[in-house]
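Reader: I'd like a close look at one part of this protein. Please take the salt bridges, and go through them one at a time.

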Amino acid sequence: MDEGRTAVLRMLQDDIAARVLGISLVVVGKGSATLTMTVTETMVNGHNIAHGGYLFTLADTAFAAACNSHGPVTVASGADVSFITPAHVGDRLTAQADERIRFGRNGIYDVTVYRNDRPDDVVLEFRGRSRTIGR
């Protein structure tokens, strides 16, 4: 197993928040990762749609997996999210994170979250900026 995949698996194993939310790793490659989460009744807001914070957490976790796939400890330096369409209880969400560029200790990653295995049914778009802080 390569150093990057090992680093991601270790990071996710220690991520209590992701584990409690049922976030699961599907695949990780150099600069990319795919994770899933199913929206539960405890994740909806007063409008009976998925709370944006939970959606952000899924996207952020996929971003973290992608930017740590190179091995060194890498953290977020910033992120922006656009909510496209609401998610509901029972929706199985997939977050696909892809590296756009790495330069020095910095990187830019895009994450698309879509519903029920349909990449054309986009729930949100996320752009994360990373900073490598360790080896």
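Author: Start with R118. R118 forms a salt bridge with D121, and the closest N and O atoms are 3.5 Å apart. A salt bridge here is a side-chain nitrogen of Lys or Arg within 4 Å of a carboxyl oxygen of Asp or Glu. Side chains of opposite charge can pair when their charged atoms come close.

A word on the model. It is predicted, so local features need pLDDT of at least 70 and side-chain atom pairs count only at pLDDT 80 or more, while totals for chains, interfaces and linings use all residues. Residues are numbered from 1 along each chain as its sequence is written, and side-chain values use heavy atoms, with hydrogens and water left out.

Now the cover around these partners. D121 has a relative accessible area of 14%, so D121 is buried. Buried means under 20% relative accessible area, exposed means over 50%, and partly exposed lies in between (1.4 Å probe, protein chains only). R118 is partly exposed, because its relative accessibility is 43%.

R118 has another partner. R118 also forms a salt bridge with D120, where the closest N and O atoms are 3.9 Å apart. D120 counts as exposed, because its relative accessibility is 63%. Salt bridges that share partners join D91, R115, R118, D120 and D121 into one network.

Next, R115. Its side chain meets that of D121 in a salt bridge, at 2.8 Å from N to O. Both R115 and D121 are buried. Across the whole structure, a search finds eight salt bridges.

Turn to I133. I133 lies in the segment after β6, which covers 118-132. Strands are DSSP runs of E with at least two residues, and they are numbered from the N terminus. I133 counts as exposed, because its relative accessibility is 57%. With V73 and V75, I133 makes a nonpolar surface patch of about 240 Å². Nonpolar patches take Val, Leu, Ile, Met, Phe, Trp or Tyr with over 30% relative accessible area and no salt bridge, their side chains joined within 5 Å. Accessible areas come from the Shrake-Rupley method with a 1.4 Å probe; for residues, only the protein chains shown count as cover.

L93 gives a contrasting case. L93 sits in strand β4, residues 92-103. L93 is buried, because its relative accessible area is 0%. L93 and T57 are 36 residues apart in sequence and 12 Å apart in space, C-alpha to C-alpha.

How values were computed. Patches are made of residues with over 30% relative accessible area and no salt bridge: like charges are joined within 9 Å, nonpolar side chains (Val, Leu, Ile, Met, Phe, Trp, Tyr) within 5 Å. Helices (H or I, at least four residues) and strands (E, at least two) are DSSP runs, numbered from the N terminus.
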